[in-house]
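Take a look at the protein below. This briefing walks through selected residues, helices and charged pairs.

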Amino acid sequence: MENSEKKIKKVLILGAGTMGLQIGLQCAAWGFDVTVYDAFEQSLEQAKTRVGKLADSLAGHKRVSPEQAAAAKEHIRFSSDPESAGRDADLINESVPEDPKIKQAVFAQFNEICPVHAIFTTNSSTLVPSMIAGATGRPDRFAALHFHDLLLTNVVDIMPHPGTSPQTLEAIRRFAKAIDQFPIELKKEQHGYVFNTMLSELMGSALTLASKEVASIEDIDRAWMGIMKTFVGPFGIMDSVGLETVYKVTDYWAGVKNDSQAKANAALLKGYVEKGNLGVKTGQGFYQYPKAAFLNPDFLEGIR
Ligand SMILES: NC(=O)c1ccc[n+]([C@@H]2O[C@H](COP(=O)([O-])OP(=O)(O)OC[C@H]3O[C@@H](n4cnc5c(N)ncnc54)[C@H](O)[C@@H]3O)[C@@H](O)[C@H]2O)c1
């Protein structure tokens with residue numbers, strides 16, 4: 001399988017967690033030479049055990065062909081050695097934890113190792129690239145390239161900061177298309193990009209309705225699902241994102257904005273998190289999984 005991107009051949013993924021592995025596989029499936037780096041051996045071992053199943057899932061969801069999935073799991077390489085992982089990389093996509101200090105340190109580390117031409121990108125969900133650009137040592141060759149769940153969608157966000165060069169932007173655009181992603185390009189920096197900005201308003205409104213006891217969690221979801229004809233409502237979405245993540249983001253912005261309703265919404269979420277009910281991944285959140293009530297056709301019975 002050939003990749004259509006001539007200049008970018010070697011892709012380095014920083015962080016072998018949930019997103020790093022998905023992104024690495026997607027790049028490998030489209031013919032790029034991929035190394036997944038992680039600072040922790042335990043994370044790498046977990047990634048090595050997950051890679052086969054995840055590649056099969058990408059094919060099962062028809063995101064890539066079975067042949068691409070097979071080639072991807074053969075060709076992806078894992079490394080805990082920054083020197084060998086970074087010295088010939090053409091493009092980095094970073095998926096380390098959502099903490100600006102960790103991201104800045106990792107980019108500064110790889111700036112010392114990677115070739116001058118290498119483009120650095122971050123998959124951060126909530127930070128904007130200008131918070132990290134200085135630490136990369138190559139701000140003109142840096143922007144956000146933010147993926148969503150690759151099993152579900154090929155929409156990707158490209159978000160430059162004011163110092164990103166037009167050439168870098170064009171190279172990232174071409175790279176995104178070369179790995180079969182559909183780029184949504186932001187004209188200016190925005191926390192949460194396009195989709196997550198809208199989604200966080202939806203989740204916030206749903207939490208407000210529940211914390212004010214205006215309606216039940218199930219009826220709030222029924223209102224959204226029944227009218228928008230979707231298979232999941234805002235509380236089902238929060239369970240799938242993970243309630244710890246939703247809690248952290250809600251709590252952070254409640255503090256920044258000193259917003260009393262958002263603080264009440266964070267308190268509602270904290271109750272679930274403290275009990276270890278984190279959503280789909282623990283089998284219990286607002287709903288119980290795998291057979292969540294909203295998945296049952298009876299849930300919307302009577303709504304046409
Ligand atoms: N999970 C999602 O749905 C999602 C979606 C889009 C974007 N993101 C973003 O992707 C990034 C990663 O999220 P995730 O869910 O994959 O996290 P994760 O916790 O699953 O993975 C993070 C990985 O980074 C590694 N790591 C920690 N410190 C490191 C360091 N100094 N150097 C190298 N590796 C290090 C960890 O060992 C771990 O394997 C975050 O910025 C997040 O906002 C997440």
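Contact means heavy atoms within 4.5 Å. This is a predicted model, in which local features need pLDDT of at least 70 and side-chain atom pairs count only at pLDDT 80 or more, while totals for chains, interfaces and linings use all residues. Residues are numbered from 1 along each chain as its sequence is written, and side-chain values use heavy atoms, with hydrogens and water left out. Helices (H or I, at least four residues) and strands (E, at least two) are DSSP runs, numbered from the N terminus.

**Glutamine 26**

- Glutamine 26 sits in helix α1, which covers residues 18-29.
- Buried means under 20% relative accessible area, exposed means over 50%, and partly exposed is in between (1.4 Å probe, protein chains only).
- Glutamine 26 is buried, because its relative accessibility is 2%.
- Neighbours within four places in sequence are set aside here; glutamine 26 then contacts Leu58, Val64, Leu150, Ile179, Asp180 and Gln181.

**Aspartate 38**

- Aspartate 38 belongs to the loop between β2 (33-37) and α2 (41-60).
- For charges, Lys and Arg count as positive and Asp and Glu as negative; His and the chain ends are not counted.
- A salt bridge is a side-chain nitrogen of Lys or Arg within 4 Å of a carboxyl oxygen of Asp or Glu.
- Which side chain of opposite charge is nearest to aspartate 38? That is arginine 50, 8.4 Å away. Aspartate 38 is buried and has no salt bridge.
- A polar contact is a pair of N or O atoms within 3.5 Å; within protein, one must be able to donate a hydrogen and the other to accept it, and residues adjacent in sequence count only if both atoms are side-chain atoms.
- The side chain of aspartate 38 has a polar atom 2.7 Å from the backbone nitrogen of alanine 16.
- The side chain of aspartate 38 also reaches the backbone nitrogen of phenylalanine 40, at 2.9 Å.
- Not counting residues up to four places away in sequence, aspartate 38 touches Gly15, Ala16, Gly17, Ser43, Leu44, Ser79 and Ser80.

**Helices α8 and α12**

- Axes are lines fitted to C-alpha atoms, for helices over the stretch in contact, and angles run from 0 to 180 degrees between N-to-C directions.
- Helix α8 (residues 195-211) and helix α12 (residues 260-274) have axes that come within 9 Å and cross at roughly 80°. The two helices are therefore roughly perpendicular.
- Angles of 65 to 115 degrees count as roughly perpendicular, under 35 as roughly parallel, over 145 as roughly antiparallel, and the rest as oblique.
- On the α8 side, Gly204, Leu207, Thr208, Ala210 and Ser211 meet Gln261, Ala264, Asn265, Leu268 and Leu269 of α12.
- Lysine 212 lies in the loop between α8 and α9 (217-228).
- Lysine 212 has a relative accessible area of 55%, so this residue is exposed.
- Lysine 212 and glutamine 261 are 49 residues apart along the chain, and their C-alpha atoms are separated by 9.0 Å.

**Salt bridges**

- How many salt bridges are there? The count comes to 12.
- Aspartate 56 and lysine 73 form one, with their closest N and O atoms 2.8 Å apart. Aspartate 56 is in helix α2 and lysine 73 in helix α3, so the pair ties together parts 17 residues apart in sequence.
- Aspartate 56 is partly exposed, with a relative accessible area of 43%. Lysine 73 is partly exposed too, at 30%.
- Glutamate 170 meets arginine 173 in a salt bridge of 2.4 Å, N to O. Both lie in helix α7 (residues 166-178), three residues apart, about one turn of the helix.
- Glutamate 170 also meets arginine 174 in a salt bridge, at 3.5 Å, N to O. These two residues of α7 are four residues apart, about one turn of the helix.
- Glutamate 170 is partly exposed at 31% relative accessibility. Arginine 173 is partly exposed at 23%, and arginine 174 is partly exposed at 37%.
- A network of salt bridges links Glu170, Arg173, Arg174 and Glu185.

**Backbone details**

- The peptide bond from tyrosine 289 to proline 290 is cis, with omega near 10°. Proline 290 is in the segment after α12.
- Lysine 62 is not a glycine, yet its phi is positive, near 60°. Lysine 62 lies in the loop between α2 and α3 (66-75), and is exposed at 74% relative accessibility.
- Lysine 229 is not a glycine either, and has a positive phi of about 60°. Lysine 229 lies in the loop between α9 and α10 (234-241), and is exposed at 56% relative accessibility.
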